[in-house]
Amino acid sequence: MLSAVEYCHTMLRERLLPGDLAVDATAGNGHDTHFLAQLIGPEGKVFAFDVQPEAIAATQRLLQRWGVPEACYQLVGASHEDMVAHLPGDAEGRMAAVIFNLGYLPGGDKSVITRAETTLPAVRAALELLRPGGLLLLVLYPGHAGGAEEAQVLRDFASGLPPRQWQVTEYRTLNARNAPPVVLAVEKAATESSLDWEI
Ligand SMILES: C[S@@+](CC[C@H](N)C(=O)[O-])C[C@H]1O[C@@H](n2cnc3c(N)ncnc32)[C@H](O)[C@@H]1O
C-alpha cells in the first residue's frame with residue numbers, strides 16, 4: 001500500500017505536465033516542493049509557502065542541493081491563508097495542483113502546527129486558484145494534538161462541496177490502531193458537466 005504522501009505523489013505524477021503551475025502550501029523540509037518542481041520542469045513554477053523561516057531555509061537548501069533552477073520556484077515566508085496576495089495577479093484558475101501537507105515541521109518546533117482557522121480560508125482560496133481539472137490535496141494528521149479537530153473541519157468542508165464542480169475522495173487506512181494520516185483529494189471538474197457521477 002502507498003503511504004499518504006506516496007499516494008499524493010502518484011496522483012500528482014499522473015496529472016502534472018511540464019510547464020504547469022503549482023502551489024505547495026506547506027513547504028516544510030521541501031520534499032513536496034522538490035517533487036512538484038521535478039514534474040513541471042524549467043518551464044513551470046512552484047510557489048511554496050511556510051510560516052517558519054527554518055522551513056523556507058530547509059526548502060531552499062534541498063532545492064539547491066538537487067540543482068533546481070531558481071526560476072522554477074518561489075519560496076514565500078507567509079501564511080498560506082494569504083497566498084493569493086503573493087501569487088501573480090493572473091494566477092486564479094491557472095494552478096494545476098495545490099498541496100497542503102499539514103501538521104508540524106518534522107525535526108522542528110512541534111508547537112507550530114497548521115490550524116483550521118487559517119487552513120480552511122487557505123483551502124477556499126486554493127480552490128479558486130485551480131484550473132479546470134486541477135487537483136487539491138490535503139494530507140491530514142489526526143494523530144497529533146490539534147490534528148483531529150483540523151482534520152474534521154476540513155473533511156466536513158470537503159464533503160459539502162457541490163458535486164457538479166468537485167469530485168472529493170478520501171484515502172485512509174481503516175484498521176490502524178493509531179490515527180494514521182488521511183488524504184483528501186479534491187478534483188475540479190474539467191467542465192461543468194464532466195462529472196456524470198453526481199448523486
Ligand atoms: C508537515 S510539514 C510540511 C512538510 C513538507 N511539505 C515537506 O515535504 O517536507 C507542515 C508545515 O506547515 C507549516 N505551517 C504551519 N502553519 C502554516 C501556515 N499558516 N501557512 C503555511 N505553512 C504553515 C509548518 O511550519 C510546517 O513546516
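Helix α5 passes helix α6 in a right-handed crossing, a crossing being right-handed if the near helix is turned clockwise from the far one by less than a right angle and left-handed if anticlockwise. The model described here is predicted, so that local features need pLDDT of at least 70 and side-chain atom pairs count only at pLDDT 80 or more, while totals for chains, interfaces and linings use all residues. Residues are numbered from 1 along each chain as its sequence is written, and side-chain values use heavy atoms, with hydrogens and water left out.

Helix α5 spans residues 116–129 and α6 residues 147–159; their axes come within 10 Å and cross at roughly 30°. Helices here are DSSP runs (H or I, at least four residues), numbered from the N terminus. Their axes are lines fitted to C-alpha atoms over the stretch in contact, with angles from 0 to 180 degrees between N-to-C directions. The two helices α5 and α6 are therefore roughly parallel, a term for angles under 35 degrees, whereas those over 145 count as roughly antiparallel, 65 to 115 as roughly perpendicular and the rest as oblique. On the α5 side, A116, T119, L120, V123, R124 and L127 make the contact, and on the α6 side E150, V153, L154 and F157 do so; contact means heavy atoms within 4.5 Å. By class, these residues comprise seven nonpolar, one polar and two charged. Ala, Val, Leu, Ile, Met, Phe, Trp, Tyr, Cys and Pro count as nonpolar, Asp, Glu, Lys and Arg as charged, and the others, Gly among them, as polar.

Helix α2 takes part in two further pairings. With helix α1 (residues 4–15), the axes come within 11 Å and cross at roughly 20°, which makes α1 roughly parallel to α2. This crossing of α1 and α2 is right-handed. Here V5, H9, L12 and R13 of α1 meet D32, F35, L36 and L39 of α2, a set with five nonpolar, one polar and two charged residues.

The other pairing joins α2 (residues 31–40) to α3 (residues 53–65), with axes that come within 9 Å and cross at roughly 40°. Helix α2 is therefore oblique to α3, and α2 passes α3 in a right-handed crossing. H31, T33 and H34 of α2 contact T59, L62 and L63 of α3; this contact has two nonpolar, four polar and no charged residues.

The ligand has 23 residues around it, of which T26, D32, D50, Q52 and S79 come nearest. A polar backbone atom of T26 lies 2.7 Å from a nitrogen atom of the ligand, and a polar side-chain atom of S79 is 2.9 Å from a ligand nitrogen atom. At N29, a backbone N or O atom is 3.0 Å from an oxygen atom of the ligand.

How values were computed: A residue is near a molecule or strand if one of its heavy atoms lies within 4 Å of it. A polar contact is a pair of N or O atoms within 3.5 Å; within protein, one must be able to donate a hydrogen and the other to accept it, and residues adjacent in sequence count only if both atoms are side-chain atoms.
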